[in-house]
Amino acid sequence: MVEPGGRNMRVGLPAHAIEVGTEPLARPTRNSVGGWPFLDEDQKWPDCFCGERMVLFFQLDIPSDLEPFGGDHLLVFHCRAHNDASDPQMTGGRLVPRYWDAPQPPFPRPFWRVLLQRDAALPAAEPEPSLRALPLTLRPFTDASAGRGAQMFKVGGVPSWAQFPEHYQCACGTELVYVCQVPEDMEFAVRPGQPEQPYSIGADTYGLFLGNEVYLLACPAHCDPAAVWPVNQN
Ligand SMILES: [Zn+2]
Ligand SMILES: [Zn+2]
């Protein structure tokens, strides 16, 4: 359909397909699977409640055309030993206060940490030890503007929603906004000699949230670097 004035009503939303390279990284890169996390100076590498340091699954700079998160650095950490689905804990119609640290029954805290930071200038001294460090390339495309977007590894656009769309209000009162999607059963290649992940698909790969499709919804008010909720569907 075309509006008066000739503008196509089905104009899509900007998005970027995320492609995983095959040539292992030898040095820090801001867009990577595994690799050297770029963390804000006061931000420690997150630990799980079980005592294991969380695995850096991937990180990337969000392109500037993707408001309201353009220019942020996104990092997705998840425990190797804990592999489960996320379970939103609500109070008064909102996610509970400090939901990124709040109990995730039966666990005392979440087994993941997703960060959106604005001042991450320097890489960690050491790379993620368990995953093969691989480059990520972002390729712009136009996703759907309404309904369901493309089912792929992407930042921006519209979620492809395997089930009904889910919406959440941050503990600060702001409606969370979708930022990034990880497709169902995506596998991340592991370096030789690493412990297996429980319930993982392959013996030499790790996955996120039991292989559920992941839709990252983040707080556009940036009330906390960890104010991101990972919706899981399959
Ligand atoms: Zn753990
Ligand atoms: Zn918030």
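**Notebook: zinc site and salt bridges**

I began at R98, which is partly exposed at a relative accessible area of 46%. For this I took buried as under 20% relative accessible area, exposed as over 50%, and partly exposed as in between, with a 1.4 Å probe and protein chains only. The model is predicted, so local features need pLDDT of at least 70 and side-chain atom pairs pLDDT 80 or more, while totals for chains, interfaces and linings use all residues. Residues are numbered from 1 along each chain as written, chains are lettered from A and ligands numbered from 1 in written order, and side-chain values use heavy atoms, without hydrogens and water.

**Entry: R98 and its partners**

I looked for salt bridges (a side-chain nitrogen of Lys or Arg within 4 Å of a carboxyl oxygen of Asp or Glu). The whole structure holds eight. R98 pairs with D224, N to O at 4.0 Å. D224 sits in the loop between β13 (213–218) and β14 (228–233), and R98 in the loop between β6 (94–95) and β7, so the pair ties together parts 126 residues apart in sequence. Strands here are DSSP runs (E, at least two residues), and helices are H or I runs of at least four, numbered from the N terminus. D224 is partly exposed at 22%. Shared partners join R98, D101, R113 and D224 into one network.

**Entry: two more pairs**

I checked R30 next. Its salt bridge with D61 has the closest N and O atoms 2.6 Å apart. R30 lies in the loop between β1 (13–20) and β2, and D61 in strand β3, so parts 31 residues apart in sequence are tied together. R30 is partly exposed at 28%. D61 is partly exposed at 25%.

R118 meets D72 at 2.7 Å, N to O. R118 is in the loop between β7 (112–117) and β8 (134–143), D72 in the loop between β3 and β4, 46 residues apart. D72 is buried at 1%.

**Entry: the zinc ion**

Which atoms hold the zinc ion (ligand 1)? I found C48 (SG), C50 (SG), C79 (SG) and H82 (ND1), at 2.2 to 2.4 Å. Donors are N, O and S atoms within 2.8 Å of the metal (3.2 Å for Na, K and Ca); water is not among the atoms, so sites may look incomplete. The donor spacing reads C-x1-C-x28-C-x2-H. C48 lies in the loop between β2 (32–33) and β3 (55–61), C79 in the loop between β4 (73–78) and β5 (90–91), so this pair also ties together parts 31 residues apart. C48 is buried at 3%, C79 is buried at 0%, and C50 is partly exposed at 36%.
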